[in-house]
Amino acid sequence: MSEEIHLRFVEVARELSPGLADAFERGGPITLQADDSRPLAERLCRSIAGQQLSVKAARSIWTRVVDTAGETPLMEFFVEPNQEALRGCGLSGAKSRALCLIAEEARAGRLEADELRRLDHAQRSQRLTALWGVGQWTADMISIFYFGEPDVWPEGDVAARKTLELLTSPRRKTLRTATRFAPHRSYLALYLWRHVDAPPV
């Protein structure tokens, strides 16, 4: 499947920009691997904790959060009286509050992965962004990496959007360009992220 998607992507990219086609060809096929091995609420919290941070900084803060919680399950540790401890791990007040509110939803049984899995991306986004502190970018990341949704274009992701502009044209709207790659726009984001991590020499 990834080989078929790859060949189609190169074909479509050739019509748009030689640079984009070259980036796809050089990278080769890509696989979308979903990981739902941890509870959804925990993944949501980790995603929020890492917002606007480098991968290294995000990992460091989350490690401190887990260490501070100790033997207490995270969804039980994320409660209002522990917000000061969460801030001590490096989280902002807003992020600490968001984690506690997500945990509250999870404890009430209102954040079940199986239920959200049955929804399409738009419906799932609506449910997730109704949670305080959860924006569209987080909903997109959860759909792509947790639920393995193949057709999500994360317009709010700066790296994906800017790389697509760079490889096509800053005058061309990225939303419109991404539409050419439906129904596999999540793969488009994966290709672009990989390109950023391994720029041409």
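Me: Start with Pro 183. Which loop does Pro 183 lie in?
Reply: This is a predicted model. Look past helix α12, residues 174-179. Pro 183 lies in the loop between α12 and α13.

Me: Is the peptide bond from Ala 182 to Pro 183 cis or trans?
Reply: Check omega for the bond from Ala 182 to Pro 183. The angle is near 5 degrees. The bond is cis.

Me: Where does α13 pack against α10, and at what angle?
Reply: Helix α10 covers residues 136-146, and helix α13 covers residues 185-197. Their axes lie 11 Å apart. Angles from 65 to 115 degrees count as roughly perpendicular, so α10 is roughly perpendicular to α13. The packing angle is about 95 degrees.

Me: Which residues make the contact?
Reply: From α13 come Ser 186, Leu 190 and Trp 193. The contact residues divide into 5 nonpolar, 1 polar and no charged. From α10 come Met 141, Ile 144 and Phe 145.

Me: Which residues does Ala 159 contact, leaving aside its neighbours within four places in sequence?
Reply: Ala 159 lies in helix α11. The contacts of Ala 159 are Trp 193 and Val 196.

Me: Is Ala 159 buried, exposed or partly exposed?
Reply: Buried means under 20% relative accessible area, and exposed means over 50%. Ala 159 has 33%, so the residue counts as partly exposed.

Me: What about Gln 52: buried or exposed?
Reply: Gln 52 lies in the loop between α3 and α4. Its phi is near 60 degrees, a positive value in a residue other than glycine. The relative accessible area is 83%, so Gln 52 is exposed.

Me: Which residues lie nearest the centre of the largest pocket?
Reply: The pocket has a volume of about 1000 Å³. Its lining has 25 residues. Nearest the centre are Ser 47, Val 55, Trp 137, Met 141 and Phe 145.

Me: Which elements give two or more residues to that lining?
Reply: Helices α10 and α13, the pair described above, both do. So does α11, residues 158-167. The remaining names are α3 (40-49) and α4 (55-69).

Note on methods: Residues are numbered from 1 along each chain as its sequence is written. This is a predicted model: local features need pLDDT of at least 70, side-chain atom pairs count only at pLDDT 80 or more; totals for chains, interfaces and linings use all residues. Side-chain values use heavy atoms; hydrogens and water are left out. Axes are lines fitted to C-alpha atoms, for helices over the stretch in contact, and angles run from 0 to 180 degrees between N-to-C directions. Helices (H or I, at least four residues) and strands (E, at least two) are DSSP runs, numbered from the N terminus. Angles under 35 degrees count as roughly parallel, over 145 as roughly antiparallel, 65 to 115 as roughly perpendicular and the rest as oblique. Contact means heavy atoms within 4.5 Å. Ala, Val, Leu, Ile, Met, Phe, Trp, Tyr, Cys and Pro count as nonpolar, Asp, Glu, Lys and Arg as charged, and the others, Gly among them, as polar. On a 1 Å grid over the protein atoms alone, a cavity is a set of points where a 1.4 Å probe fits but cannot get out, and a pocket is an open set with protein on both sides within 12 Å along at least five of seven lines; lining residues have an atom within 4 Å of a point. Grid points are joined across faces, edges and corners, and a volume is the space filled by probe spheres set on the points. Buried means under 20% relative accessible area, exposed over 50%, partly exposed in between (1.4 Å probe, protein chains only).
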